Amino acid sequence: SVKENSNPFPGFTGKDLEGNDVDDSIFSANAVTVVNFWFNGCKPCVAELSKLNELNETLKGMGGELIGINTETLDGNKSGIEEALKLLESQGASYRNIYFDSDTEAGRYAGNIMTLEEYEEMIGGEPFLGSIDNQDNYDQLLEQINAVVAADSSNK
C-alpha cells in the first residue's frame, strides 16, 4: 500500500557525509525515494555505486532521489565517513549519502540490516533485495519506482 509522502522515519534528523544537516524533508520533498544501505567492506555494494549514481539521475527526472546510508558512518564515525567518501569518489558516485545516530528509529532500522546482500528500500514501496548492477534487478526496481510515482501523482 503506497501512502502519499509516506515517511518511514518521522522526526528524522541527521547529516550528509559533508556534514550538512538533513531532516525528514529529504523524504517528503520527493515523489519517490530509494534508500540504499551499504557498507565499506561489501564488494558488491561498492561495485554498484556507479549504477546507483545512474539510477539517481533517472530518479531526479521523475522528481525523486536515491539516498545512500552507509552503516559504518552511523554516529558520525570519522574513519567510516572518510572511507565511504573515498569509495564514492572512486566510483564517480555523487548522490547524497547520509548518516544519523544509531540510537534512533532510523538507526535501529539500519542496525537490523545485517546482511551481506545489500538492501534497497523503496519509501512507500516494497523492500527490494539484491544488487542493481544486474540489469534484470535494475529493470525490476525501476518498474516498482514507476508504480510508486504513478500512484503518488494520482493521489494529488
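## Fold and chain totals

What pattern does the protein chain follow, read along the sequence? The order is β-β-α-β-α-α-β-α-β-α-β-β-α. The protein chain has six helices and seven strands. Both are DSSP runs numbered from the N terminus: helices are H or I with at least four residues, strands are E with at least two.

This is a predicted model: local features need pLDDT of at least 70, side-chain atom pairs count only at pLDDT 80 or more, and totals for chains, interfaces and linings use all residues. Residues are numbered from 1 along each chain as its sequence is written, and side-chain values use heavy atoms, with hydrogens and water left out.

Of the 156 residues of the protein chain, 46% are buried. Buried means under 20% relative accessible area, exposed over 50%, and partly exposed in between (1.4 Å probe, protein chains only). The protein chain exposes about 7600 Å², with 48% supplied by carbon and sulfur atoms. These areas come from the Shrake-Rupley method with a 1.4 Å probe; for residues, only the protein chains shown count as cover. Contact means heavy atoms within 4.5 Å. Among contacts between residues at least 6 apart in sequence, 70% join residues at least 24 apart.

## Nonpolar cores

A nonpolar core is a set of buried Ala, Val, Leu, Ile, Met, Phe, Trp, Tyr and Cys residues joined through side-chain atoms within 4.5 Å. The largest has 26 residues. Trp 38, Leu 49, Leu 55 and Ile 145 have the most contacts inside it. S3, H2, H3, H4 and helix H6 (135-154) each supply at least two residues of this core. H6 gives the largest share, five residues. A second, separate core has 14 residues, including Phe 12, Val 22, Phe 37 and Ala 106.

Leaving aside neighbours within four places in sequence, Leu 55 is in contact with Leu 66, Ile 132, Tyr 138, Leu 141, Leu 142 and Ile 145. In soluble globular proteins, nonpolar side chains tend to be buried together.

## Helix H4

Helix H4 covers residues 78-90. The expected span of a helix is 1.5 Å times one less than its number of residues. For the 13 residues of H4 that gives 18 Å, and the end C-alpha atoms are 18 Å apart, which agrees. Gly 80, Ile 81, Ala 84, Leu 87 and Leu 88 are buried in H4. They cover an arc of only 130° around the axis, so they lie on the same side of H4. The arc is that of the directions from the helix axis to the C-beta atoms.

Cover for these buried residues includes strand S3 (33-38), helix H2 (43-47), helix H3 (49-60), strand S4 (65-70) and strand S5 (97-99). The face turned away from the buried side carries the exposed residues Lys 78, Ser 79, Lys 86, Glu 89 and Ser 90. Gly 92 follows H4 and has a positive phi, near 65°.

## Thr 73

Thr 73 sits in the loop between S4 and H4. Its relative accessible area is 0%, so Thr 73 is buried. Not counting residues up to four places away in sequence, Thr 73 touches Leu 17, Gly 80, Ile 81, Ala 84, Ile 98 and Tyr 99.

## Disulfide

The whole structure has one disulfide, a pair of cysteine sulfur atoms within 2.5 Å. The disulfide joins Cys 42 to Cys 45, S to S 2.1 Å. The torsion about the S-S bond is about 75°, so the disulfide is right-handed. Cys 42 is buried at 2% relative accessible area, and Cys 45 is buried at 1%.
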